[in-house]
Amino acid sequence: APLGVAVIGAGRMGADHVRRIDRVISGARVTAVVDVDAERAKAVAARVDGCTAYTDPVAAMAAADVDAVLVASPGPAHEAALLAAFERDLPVLCEKPLTPDAASALRVLEAEQALGHRRVQVGFMRRYDPEYARLEALLRTGQLGRPLMLHNRHRNVASPPFFTSAMLISDSVAHEADATRWLLGQEITAVTVLRPAPSANAPDALQDPQFVVFETDGGALSDVEIFVNCGFGYQVQAEAVCERGTARIGDGHALVTNTAGRWGGTIAQDWTERFGTAYDREVQAWVDAARHGGTTGPSAWDGYAAAAVCEAGVTALREGGRVTVELVEKPALYR
Ligand code: ISE
């Protein structure tokens with residue numbers, strides 16, 4: 001039987017995941033849609049046959065046709081949803097961030113360890129992007145030697161109205177915190193945030209762009225240009241500089257045109273476009289593992305580590321200087 005999924009949060013990501021489970025991937029169906037806004041839950045649930053709308057995540061998780069939970073509500077609501085899913089030992093795909101800060105992420109780690117097995121996959125979808133996957137596989141072969149530096153660029157067309165300067169770190173650079181840890185296989189030990197004069201196109205009081213530098217326990221540096229009001233497109237690029245060469249992704253050169261004395265191509269406009277394939281692969285991997293009683297992908301430990309890095313990053317943004325990241329010892333469940 002297909003996996004019955006409750007999607008919690010019927011906003012932009014939640015609604016996109018409902019469409020994906022219903023139309024794109026196999027082995028699952030959306031049996032519940034939950035949102036604090038009853039009308040929004042109903043509207044999204046109505047798109048799927050036999051799907052029930054709820055306002056209470058706990059009630060949805062108690063339904064007989066719910067076998068697994070996809071959490072796509074705002075970050076501050078994740079901890080309660082995760083703990084409720086653990087109560088029923090349900091597999092969870094939790095959108096990033098796992099939780100908004102390190103202390104709450106640690107509580108989730110403790111609760112998952114009490115279950116005795118992994119139940120959470122964190123939605124760091126870049127790990128499922130074909131380009132990122134090739135870069136990671138290449139670095140892992142060691143052919144290029146040891147990675148010395150990683151240069152990352154992360155650009156959005158425009159930031160939503162609720163965006164704050166801290167969110168450039170906790171919401172956006174969270175992806176590079178995970179990508180850095182995953183690509184290098186190292187933990188981030190310190191964060192520095194530099195602040196160029198903001199773009200005139202950024203909303204008032206928003207520190208945009210920012211330049212973030214991560215140091216790792218393997219002695220590498222990873223820098224991130226985060227620019228969320230660049231105006232021209234959604235662009236995510238990474239270049240690893242290693243002892244015997246470099247490797248770079250995200251140039252978007254899949255299609256290059258030559259016409260009327262110019263060459264060119266197009267740039268994606270948002271993450272659902274740039275990372276559409278990554279999301280499809282991510283959710284399919286989650287469903288496949290869950291149907292066999294297993295868990296795959298980025299773990300709650302990865303979610304905790306990213307939360308701790310972002311917390312240090314937000315402090316570095318506010319206070320200036322270099323802020324160290326103190327992680328707890330990695331529990332056996334995640335080794
Ligand atoms: C958003 O939440 C995402 O996760 C996107 O991938 C990122 O590019 C954007 O900056 C975030 O706000």
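Before going on, a word on the model. This is a predicted model, in which local features need pLDDT of at least 70, side-chain atom pairs count only at pLDDT 80 or more, and totals for chains, interfaces and linings use all residues. Residues are numbered from 1 along each chain as its sequence is written.

Back to D89. Its phi is near 55°, a positive value in a residue other than glycine. D89 sits in the loop between α4 (78-87) and β5, and the positive phi comes just after α4. Helices here are DSSP runs of H or I with at least four residues, strands are runs of E with at least two, and both are numbered from the N terminus.

What does α4 itself bury? Its buried residues are H78, E79, A81, L82, A84 and A85. The cover over these residues includes β1 (3-8), α3 (57-62), β4 (68-71), β5, α5 and β6 (120-123). As a general point, an α-helix has 3.6 residues a turn, so residues three or four places apart point the same way.

A second residue has a positive phi without being glycine: A260, with phi near 50°. A260 is placed in the loop between β13 (257-259) and β14 (262-264). A260 is exposed because 5 other C-beta atoms lie within 10 Å.

Next, the cis peptide bonds. One joins K96 and P97, with omega about -5°, and P97 lies in the loop between β5 (92-95) and α5. Another runs from D208 to P209, with omega near 5°. P209 belongs to the loop between β8 (188-194) and β9 (210-216).

Now the whole chain. The protein has ten helices and 15 strands. Its radius of gyration is 20 Å, close to the 20 Å that the globule rule gives for 335 residues, so the protein is as compact as a globular protein of that length. That radius is taken over C-alpha atoms, and the rule is 2.2 Å times the number of residues to the power 0.38. Taken along the principal axes, the C-alpha atoms fill a box of roughly 55 × 55 × 45 Å. Of the 335 residues, 43% count as buried. Among contacts between residues at least 6 apart in sequence, 69% join residues at least 24 apart. Two residues are in contact if their C-beta atoms, placed from the backbone, lie within 7 Å.

How is the chain divided into domains? The assignment gives domain 1 (3-126 + 277-299) and domain 2 (129-271 + 306-334); such bounds come from an automatic or database domain assignment. The C-alpha centres of domain 1 and domain 2 lie 26 Å apart. Their contact takes 19 residues from domain 1 and 16 residues from domain 2. On the domain 1 side, α5 (102-115) and α9 (276-291) each supply at least two residues. The largest share of that side, five residues, comes from α5. By class, the domain 1 side has eleven nonpolar, four polar and four charged residues. Nonpolar covers Ala, Val, Leu, Ile, Met, Phe, Trp, Tyr, Cys and Pro; charged covers Asp, Glu, Lys and Arg; the others, Gly among them, are polar.

The record places "domain: Gfo/Idh/MocA-like oxidoreductase N-terminal" at residues 4-124, a span that is 42% helix and 22% strand, with its end C-alpha atoms 22 Å apart. For "domain: Gfo/Idh/MocA-like oxidoreductase C-terminal", the record lists residues 138-325. That span is 34% helix and 28% strand, and its end C-alpha atoms lie 28 Å apart. UniProt positions are in the numbering used here, feature names are shortened, and annotations may be inferred rather than shown by experiment.

Which residues surround the ligand? They are N156, D171, S172, H175, V228 and W271; a residue is near a molecule if its C-beta atom, placed from the backbone, lies within 6 Å of it. Helix α7 (residues 165-184) gives the largest share of this shell, three residues. By class, the shell has two nonpolar, three polar and one charged residues.

Last, L333, in the segment after β15 (322-324). L333 counts as partly exposed because it has 15 C-beta neighbours inside 10 Å. Leaving aside its neighbours within four places in sequence, L333 is in contact with Q113 and R118. The C-alpha atoms of L333 and Q113 are separated by 6.8 Å, although these residues are 220 residues apart along the chain.

Terms used:
A residue is buried if 20 or more other C-beta atoms lie within 10 Å of its own, exposed if 12 or fewer, and partly exposed in between; C-beta atoms are placed from the backbone.
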